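Colleague: I would like to learn how to read a few features of a model like this one. Could we start with charged side chains?

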Amino acid sequence: MRPKIIYFEKYFYKNAFRFLKKILNENQIILISGGNSLRKILKRSNEKNKINRPRVIILSDERIYNNLNDIRTNYTNLRKNFFSSFIFSNLKFIYFKLGQDDKTIVNTFYQKIKNKIPEAAILSLGSDGHICSILGNTK
């Protein structure tokens, strides 16, 4: 798939949302970040979009807090914003299980994704240039 470059901010969110729908309709396994960029795109649409085919959504990264339902986690951001814009008839959502030691979190997540190769990735770019909460606030 060839990426599209969108030049006018006025049309950015509308086109980004349309592109997001296309990705979700055409790909079975999708890697997605839960950052603020995605939330801004989703808030511009009042549509409820139904995805009728089986989908696997893999959360790319997570902010480490003791409670998965903490409002600062990417899991909560996706549940609140992404899954309120898209309705999946058959969804497997793979995310990090928090509240354990780091090694257990990583091993558990690895076991869930080891045989799943994403066909598409939707990754956010932070205001400081980080991608998927990686290397944020560094110089």
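Modeller: Side chains of opposite charge can pair when their charged atoms come close. In this predicted model, Glu26 and Lys22 are 4 residues apart in helix α1, so about one helical turn separates them. Their side chains meet in a salt bridge, with N to O at 3.0 Å.

Colleague: Are Glu26 and Lys22 buried, exposed or partly exposed?

Modeller: Glu26 is partly exposed, at a relative accessible area of 47%. Lys22 is also partly exposed, at 36%.

Colleague: How many salt bridges does the whole structure hold?

Modeller: The search finds 2. Besides the Glu26 and Lys22 pair, Asp70 forms a salt bridge with Arg72, where the closest N and O atoms are 2.7 Å apart.

Colleague: Is Asp70 buried or exposed?

Modeller: Buried means under 20% relative accessible area. Asp70 has 17%, so Asp70 counts as buried.

Colleague: Where does Lys114 sit, and which side chain does the side chain of Lys114 contact?

Modeller: Lys114 lies in the loop between α4 (102-113) and β6. Its side chain makes a polar contact with the side chain of Gln111, at 3.0 Å. Lys114 is partly exposed, with a relative accessible area of 41%.

Colleague: Now the interior. What should I look for?

Modeller: In soluble globular proteins, nonpolar side chains tend to be buried together. Here the largest nonpolar core has 33 residues, and Leu24, Phe82 and Phe86 have the most contacts inside it. Helix α1 (residues 9-26) gives the largest share of this core, 6 residues.

Colleague: Which residues does Phe86 touch, leaving out those up to four places away in sequence?

Modeller: Phe86 touches Phe17, Leu20, Lys21, Leu24, Leu42, Asn49 and Ile51. For the chain as a whole, buried residues make up 37% of the 139 residues. Of the contacts with a separation of 6 or more, 74% are between residues 24 or more positions apart.

Colleague: And the strands: which ones does β1 pair with?

Modeller: Read along the sequence, the pattern is α-β-α-β-β-α-β-β-α-β, which comes to 4 helices and 6 strands. Strand β1 (residues 29-32) runs parallel to β3 (residues 55-59), joined by 4 bridges. One of the bridge pairs is Ile29 with Val56. Strand β1 also runs parallel to β6 (residues 120-122), with 3 bridges. There, Leu31 has Ala121 as its bridge partner.

How values were computed:
Residues numbered from 1 in each chain as written. Predicted model: local features only at pLDDT ≥ 70, side-chain atom pairs only at ≥ 80, totals over all residues. Heavy atoms only, no water. Helix = DSSP H or I, 4+ residues; strand = E, 2+ residues; numbered from the N terminus. Buried < 20%, exposed > 50% of the residue type's maximum accessible area, 1.4 Å probe, protein only. Contact = heavy atoms within 4.5 Å. Core = buried A, V, L, I, M, F, W, Y, C linked by side-chain atoms within 4.5 Å. Pairing = 2+ DSSP bridges. Polar contact = N/O pair within 3.5 Å; in protein donor to acceptor, adjacent residues only side chain to side chain. Salt bridge = Lys/Arg side-chain N within 4 Å of Asp/Glu carboxyl O.
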